[in-house]
Every structure is written in C-alpha cells, then in structure tokens.
Amino acid sequence: MYGRLLLPELQVMLDENDNAGIREFCEALYPAVTAEILAELDSREVWRVISCCDSQKQAEIFQFLSLPQQIEIVAVIDRGPLSKLIEEMAPDDRVDLLSRMDEEHVEELLPLIAQAERSDIRKLLSYPEDSAGAIMTTEYAYLPANITVAQALEKLRQQAPDSEIISYIYVVDEGRRLQGIVSLRELIFARPTRPLSELINRDVISVRVDDDQEFVAQQMAKFDFVAIPVVDNQNQLVGIVTHDDAIDIMQEEATEDAYRLAAVEPLEDSYLSTSLLTVIRKRIGWLIFLLVPSFLAAKVLEHYEAVSDKFEWLVLFIPLILASGGNAGSQSATLIIRAMALESNIQREELNALLMKEFKLGLLLGSMLSLISFGISWAFTGALMQATVVGLAVFLVVLMGISAGGMLPMGFRKLGMDPALMSNPFITALVDILGLIIYFQVAMYIVS
C-alpha cells in the first residue's frame, strides 16, 4: 500500500541525487514502512537509499527487509560499510543474516567488526540451528542483587540504550548465574532506598540454550511472556528470547507443518522468492514416493479383478469408498498433528486419551456415513444386498481411516520424528489400499 503511494516520490529523489531528501524521507517513516517501500527497488537502489542515513537508522531499516533481499544487498555493499551495518544490527538478526551468507564472505567480514561484537557473533553462530541459542539476543538488562532501587535505576539508565527490552530485569550473581527477575514497574513504584533483593522474584521460568525453538515459543505463549531468559548448563544467563522472535518462530513452525501436511518439503523463503528449481526439488521427492502406494492400489484392483468382473456394480462405488476413508484419515491426522504441535509435552496418558477419542469418533462418524451411503446406494441401485455391502464397507473404511490418521503421527513422534511428516496425501494413499481390500472382502463375504 505505502509503496504505490510513496515510491514515485522516492524514485524522483534518487534520480535527482537528493541525499538530504532521502535521509528526511527515511527518518520521517517507521523503519518497517520504509522497508516495505524499498522492497520494490533493486539491491543497489536500496543501498543508495539506506546509505544516506546514519548507521543506526540503516540497521533499523535493514532488519525489516526480508532475508533474501538482505542477501542480495550484502552482495553489492563494500566490506567496510557492511561491517559497520552488521555491528549496529541486533545480535539475533545479524546472526540470521550471517548464517545464510557464504562462509568465506563471513570470515572476510569478521576481522572488520569490533572485538566485542565479533566474539558475540561467533558464540551465537556456534549454537545448533533452530535452538534457543541460535535465536536469542545478548542485549538484555541485568543487575546484581546487593544494591538499592535507586542504584538499580541508575544502572538501567546506562544499560537501556544497548538493551533490546527492559520490561524485565534479570538479577545475576558474580558468576552471572540467574538468581531471579524484577520488573521495571516494580522498580518505578518502589522506594529508592529499598534493597533490590526484597523485590526479586526467584521463581524464574527459563529455557536451556539447547532447547528447541518451538518449545521456547510455546513456553512464552503459555506464560504470556514478553521475553524469556536463556541459561546454560551452569544456570548462567547467556541471553533472552523476545516476543517478536517467538511470533516469527510460531509462524515458521506452523508454515513448516502446513507444507509437510501437503507433502512438500518446507521452503526457507517465501514461495514467490523461491526459484523454480528449488520448488521442484522440494516437491518431486514426495510425488515420486507417493507413486508407490498408487501402484500398490493398482495391484489390489488387479488381485480382485475376477470379483469386479463378476459383480460389475462394485466398480461404481469405489470412488465413494476411497473418498470416505481418505478424507476421514486426513481429518484425524490434521487434528492430531496440530494438537501435538500446540502442546509439545503431551503425556502418554493424554496420547491414549486422544486415540480413544478418535476411535469413538470413528464409530460415530462411520455409522452416520454408513447410513447415508446405504441410503444413496439403495436409491441408486435398488438392491438391498448391494446397499448393504456399500454401507458396511464405508463404516469399516472410515473407522480404519480415522484410526490410521490418529495412530501414524503418534508413531512418528514416538520414533523421535516430526509427526507432520505423516502427510495427508500419504495417509490418503495408504487408506486407499486398505480401503479397497476391505471393500472387496466385505463384498465377497456378503455376496457369498
């Protein structure tokens, strides 16, 4: 929206080399809005605009650009200005960028970055991808316990410019071990002479530096935290994860689950910015794999060819049978996978309760669909025996589909794998094979 309105004005200033106007343009707008407008320009033009601002404003705008666009811009910036830009970026944002850059390029840049930032970058890059350590920021406010409220506020004034968030202040000892937490609100309302130790909440909820990022986001959502502390094996405070990163994680994990449920390998970037070859590579593997159960379904039909030739009416209802089982299985898989994604620490008793609930649903939904299918097939053929075969087969296939859709994701989780790998297309293909067997066996039993 903003791009269409303001981009022509910015383009005129670029054509006229109006650096002062460009600087005023960037300072007048919120950095995210400026980044939205710059998304319409090529990399060199974006850098021309950003370079008119001071280093802090450059970093603020640059951090709101998408990672693919950041990578493109980095390629056209000289090492000197680039190192200054990276120094000004938030620790978690610059690590996201550097982790996507070529290692050789990163090694060339690091000597140009200040020692403190360089050490911080190397430490954050050393943590496993998708862990709390990889997404945390090291810019947080901390205080010792043996000071007064007045001294605490004075120290906060010094730390605030370099802290990403000061709503929570973490209290540490001399070994930087986390002792507790105090809110800025409590400090403001407390008497200046009151000891800080009297305000500390020592029941601190924290995460480990090697915890999975999805677990971190779930903890923040569960307790409605703006930030959560990250500690190492010795309970030393090493960083915090803030709410904006938690939102990004939840969106990323939900997107990954959606991709996998559709039998597509997750994309690192948006669909439009991903190359055609990458999209093909992400999709072709699953499509080839799904050919296997399709061939198996064909072999099942071949096995029962004599039955279908003798009772030609059976072929008419194969789509009904397959659709009933596949749709029911996909529904169950989606519900179970989403339940496990929202609550990572589901206990065994709760999993058993989920399975029992799905089995009861299978009985009820199977019964309802069976009655409907019985009525439709009776009206369609006018034969009670044929309607009975279709109705009973639909009941059994729906029950089987719901059971498979619930059990298979749980089985994947028990094996330590992502339940979302049990995609809906795969469950549908598997249920199709079993559904055909059930359908023809029911028909042979009732007819004989």
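This note describes the domains and aromatic contacts of a predicted model.

1. Basis. Residues are numbered from 1 along each chain as its sequence is written, and side-chain values use heavy atoms, with hydrogens and water left out. In this predicted model, local features need pLDDT of at least 70 and side-chain atom pairs pLDDT 80 or more, whereas totals for chains, interfaces and linings use all residues.

2. Domains. The protein is divided into domain 1 (2-125), domain 2 (140-259) and domain 3 (276-447); the bounds come from an automatic or database domain assignment. The centres of domain 1 and domain 2, taken over C-alpha atoms, are 28 Å apart.

3. Aromatic pairs. Rings of Phe, Tyr and Trp (its six-membered ring) pair if their centres lie within 6.5 Å; planes under 30 degrees apart count as stacked, over 60 as edge-to-face and the rest as tilted. The count by this rule is eleven aromatic pairs. Trp286 and Phe289 form an edge-to-face pair, because their ring centres are 5.7 Å apart and their planes lie at 85 degrees. Both residues belong to helix 16 (residues 276-303), three residues apart; helices are DSSP runs (H or I, at least four residues), numbered from the N terminus.

4. Accessibility. Trp286 is buried, at 14% relative accessible area, while Phe289 is partly exposed at 40%. Buried means under 20%, exposed over 50% and partly exposed in between (1.4 Å probe, protein chains only).

5. Tyrosine cluster. Tyr140, Tyr142 and Tyr170 form one aromatic cluster. The charged end of Arg176 sits over the ring of Tyr142, 4.2 Å from its centre (criterion: NZ of Lys or CZ of Arg within 6 Å of the ring centre and within 35 degrees of the ring normal).

Note on methods: Helix = DSSP H or I, 4+ residues; strand = E, 2+ residues; numbered from the N terminus.
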